[in-house]
Amino acid sequence: NKVMGVLSGFLIGVVYAEKRIDFNPKATFAAGILKVIIGLSIVFAVKAGLKAALPAIPAADFFRYWVMGFCITFGAPLLFSKIRRLKGGVN
């Protein structure tokens with residue numbers, strides 16, 4: 001249930017982001033570390049926030065993990081594309 005949630009959210013995020021987000025994952029080492037810290041913070045905040053807000057049922061677990069997968073492939077790149085230093089491309 002959790003694996004299918006994160007995998008489907010991940011795949012939908014990839015498809016949805018492909019032509020909509022101008023983002024290059026290549027970056028300087030410092031920018032890469034910052035992106036990892038920000039990205040993990042987002043994922044853990046989504047996981048904890050939705051766990052507290054949703055009932056403890058399998059459908060809620062699926063949704064929580066779906067949102068986490070979507071954030072990894074769409075939400076974080078969208079955020080990074082808006083921040084010039086994190087947008088991508090090594091200077």
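Analyst: Start with charge. This is a predicted model. The side chains of Asp61 and Arg64 form a salt bridge, with N to O at 2.9 Å.

User: Which helix holds Asp61 and Arg64, and how many residues apart are they?

Analyst: The spacing is about one turn of the helix. An α-helix has 3.6 residues a turn, so residues three or four places apart point the same way. Asp61 and Arg64 both lie in H3, residues 58-82, and are three residues apart.

User: Is Arg64 buried or exposed?

Analyst: Arg64 has a relative accessible area of 5%. The cut-off for buried is under 20%. Arg64 is therefore buried.

User: What distance separates the end C-alpha atoms of H1?

Analyst: Helix H1 covers residues 2-17, which is 16 residues. At 1.5 Å a residue, the helix should span 22 Å. The model agrees with that: the end C-alpha atoms are 22 Å apart.

User: Within what arc do the buried residues of H1 fall?

Analyst: The buried residues of H1 are Gly5, Gly9, Gly13 and Ala17. Seen down the helix axis, they line one face of H1, because they fall within an arc of 75°.

User: Which exposed residues does the face of H1 turned away from its buried side carry?

Analyst: Take the two sides in turn. The buried residues of H1 pack against H3. The face turned away from them carries the exposed residues Val3 and Val15.

User: Which residues does Thr73 touch, leaving out those up to four places away in sequence?

Analyst: Thr73 lies in helix H3. At 10% relative accessibility, Thr73 counts as buried. The C-alpha atoms of Thr73 and Val14 are separated by 5.5 Å, though the two residues are 59 apart along the chain. With those sequence neighbours left out, Thr73 touches Gly9, Phe10, Gly13, Val14 and Ala17.

User: How many aromatic pairs are there, and what is the geometry of Tyr16 with Phe70?

Analyst: The count comes to four aromatic pairs. For Tyr16 and Phe70, the ring centres are 6.5 Å apart and the planes lie at 40°, so the pair is tilted.

User: How many residues apart in sequence are the parts tied together by Tyr16 and Phe70?

Analyst: Tyr16 lies in helix H1 and Phe70 in helix H3. The pair therefore ties together parts that are 54 residues apart in sequence.

User: What is the angle between the planes of Tyr16 and Phe74?

Analyst: Tyr16 and Phe74 also form an aromatic pair. Their rings are 4.9 Å centre to centre, and the pair is tilted, with 50° between the planes.

User: Where do Tyr16 and Phe74 lie?

Analyst: The pair links distant parts of the chain, 58 residues apart. Tyr16 is in helix H1, and Phe74 is in helix H3.

User: Which residues do ring pairs link into a cluster?

Analyst: Start with accessibility. Tyr16 is partly exposed at 39%. Phe70 is buried at 19%, and Phe74 is buried at 11%. Ring pairs link a cluster of Tyr16, Trp66, Phe70 and Phe74.

User: Which element has the lowest mean pLDDT?

Analyst: The protein chain averages a pLDDT of 88, and 96% of the residues score at least 70. Among the elements, H1 has the highest mean, 94. The lowest mean, 90, belongs to helix H2.

Technical notes
Residues are numbered from 1 along each chain as its sequence is written. This is a predicted model: local features need pLDDT of at least 70, side-chain atom pairs count only at pLDDT 80 or more; totals for chains, interfaces and linings use all residues. Side-chain values use heavy atoms; hydrogens and water are left out. A salt bridge is a side-chain nitrogen of Lys or Arg within 4 Å of a carboxyl oxygen of Asp or Glu. Helices (H or I, at least four residues) and strands (E, at least two) are DSSP runs, numbered from the N terminus. Buried means under 20% relative accessible area, exposed over 50%, partly exposed in between (1.4 Å probe, protein chains only). The expected span of a helix is 1.5 Å times one less than its number of residues. The arc is that of the directions from the helix axis to the C-beta atoms. Contact means heavy atoms within 4.5 Å. pLDDT is the predictor's confidence in each residue, from 0 to 100. Rings of Phe, Tyr and Trp (its six-membered ring) pair if their centres lie within 6.5 Å; planes under 30 degrees apart count as stacked, over 60 as edge-to-face and the rest as tilted.
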